[in-house]
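Hi everyone, thanks for coming along. Let me put the sequence and the structure up on the screen, and then we can walk through some of the details together.

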Amino acid sequence: MRKVLVLGSTGSIGTQALDVIRLHPDMFEAVGVACGSSVDAVEKQVREFKPTYAAVYDETAASDLKVRLADTDVVVLSGMDGILEMIRISGADLVVNGIVGMIGIRPMLVAIEEGIDVALANKETCVTAGHIIIPMAKAKGVQILPVDSEHSAIFQCLQGKADSRISRLILTASGGPFYEWSEDQLNEVTVEKALAHPNWLMGPKVTIDSASMVNKGLEVMEAAWLFDMSPDNIEVLIQRESTIHSAVEYEDSSIIAQMGPSDMRIPIQYAMTYPNHMASPAPKMDLTKLMQLRFGQPRNDVFRGLPLAYDALRSGGSMPTVYNASNEW
């Protein structure tokens, strides 16, 4: 039985991680959940999964939750200190880091300090602190298991290929809702249209970032740290259907790609069950209905966020953090 902490439990990644736990109750136990301020949602999670701990970043919301859960034995913690304390005392052997933004760095550091493996969905951690996180995880023998669909795809394509020479990583992108829009049409962009991703169901921030291709820029920087690759060996390729989630090209010119439904529960679950593939809550893909796979180049002249990410990565130093902070601001 694997003991799991789900950070960001009321968000898109967190709720889907709990879907996986719900599907495999013989494999996983949710020993703790953490959220920002969504008291109604986290109360329901606590009553269903019965974790030992619940942490809420907003202290007023934490006080409310403590009153609501007075009839239970759950320990309610508050603030960032409460989240960090939960990681230290929970006895977990896996942390799902589904927190959005740079605020996810401190929980990541504590998990590594405690020797706990991390299923990482918080890309900002690698973007802004990869130079700290990756060496620290190696020194502690901690596995960082990627949750983003693209990084999970690359991770899967690398399995059993330890002695192979990699030519390049191919990060695929759907292009978002505006890829085929003219510049005149882009003047008519609204929040509602940007949130209407054609393929993926994700949280609002990631969905907006995907529409601008900034999210793909963050993923390039994350891939550089996770897989120890130069930006010159990381290519972004538009794959409109989001069927091929990413690929690895080896020096013999062979390309190994990972494909599947556009369902985040697949990469989340693989990070949680690695190295095993288990039954998934995601639907099966019917290849007979796959009529085409469309590929294209990113429109870097229009969506400037992606080339700026490459510039920041090549510059190094604080520039990736500046890029990320500009996006979070």
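Before we look at single residues, a word on exposure: buried means under 20% relative accessible area, exposed means over 50%, and partly exposed is in between, with a 1.4 Å probe and protein chains only. Please keep in mind that this is a predicted model, in which local features need pLDDT of at least 70 and side-chain atom pairs count only at pLDDT 80 or more, while totals for chains, interfaces and linings use all residues. Residues are numbered from 1 along each chain as its sequence is written, and side-chain values use heavy atoms, with hydrogens and water left out. Helices (H or I, at least four residues) and strands (E, at least two) are DSSP runs, numbered from the N terminus.

Let's begin with strand E5. It covers residues 94-97. Are its faces buried or exposed? Both are covered: Leu 94 and Val 96 on one side are buried, and so are Val 95 and Asn 97 on the other. As a reminder, in a regular strand the side chains alternate between the two faces of the sheet.

Which strands does E5 pair with? Two strands count as paired if DSSP finds at least two bridges between them. Strand E1, residues 2-7, runs parallel to E5 and is joined to it by 4 bridges; there, Leu 5 has Val 95 as its bridge partner. E5 also pairs with strand E6, residues 117-120, in the parallel sense and over 4 bridges, and here Asn 97 is partnered by Leu 120.

Now to the salt bridges. For us, a salt bridge is a side-chain nitrogen of Lys or Arg within 4 Å of a carboxyl oxygen of Asp or Glu. How many does a search of the whole structure find? The search gives 22 salt bridges.

Asp 117 and Arg 2 are both buried.

Next, have a look at Arg 265 and Asp 19, another salt bridge, whose closest N and O atoms are 4.0 Å apart. Arg 265 belongs to helix H12 and Asp 19 to helix H1 (residues 12-23), so this contact ties together parts that are 246 residues apart in sequence. Arg 265 is buried because its relative accessible area is 18%. Asp 19 has 23% relative accessibility, so it counts as partly exposed.

Asp 71 is in the loop between helix H3 (59-68) and strand E4 (75-78), Arg 47 is in helix H2 (residues 39-49), and the two are 24 residues apart. With 58% relative accessibility, Asp 71 counts as exposed, while Arg 47, at 33%, counts as partly exposed. They also belong to a network of salt bridges that links Asp 40, Glu 43, Arg 47, Asp 64, Arg 68 and Asp 71.

On to the other sheet I wanted to show you. Here 5 strands form an open sheet in the order E11-E10-E8-E9-E12, with mixed pairing. E11 and E12 stand at the edges with a single partner strand each, so one side of each is left without a neighbour in the sheet. Inside that order, strand E8 (residues 166-173) pairs with E9 in the parallel sense over 5 bridges, and Leu 169 has Ile 234 as its bridge partner in E9.

Finally, some backbone details in the loops. Where is the cis peptide bond? It joins Tyr 274 and Pro 275, with omega about 10 degrees, and Pro 275 lies in the loop between helix H12 (265-273) and strand E12 (295-296).

Asp 228 is not a glycine, yet its phi is positive at about 55 degrees. You'll find Asp 228 in the loop between helix H11 (214-226) and strand E9 (234-239), and it is exposed, with a relative accessible area of 65%. Ser 253, also not a glycine, has a positive phi of about 75 degrees. Its loop runs between strand E10 (244-250) and strand E11 (255-259), and at 58% relative accessibility Ser 253 counts as exposed.

That's my tour, so over to you for questions!
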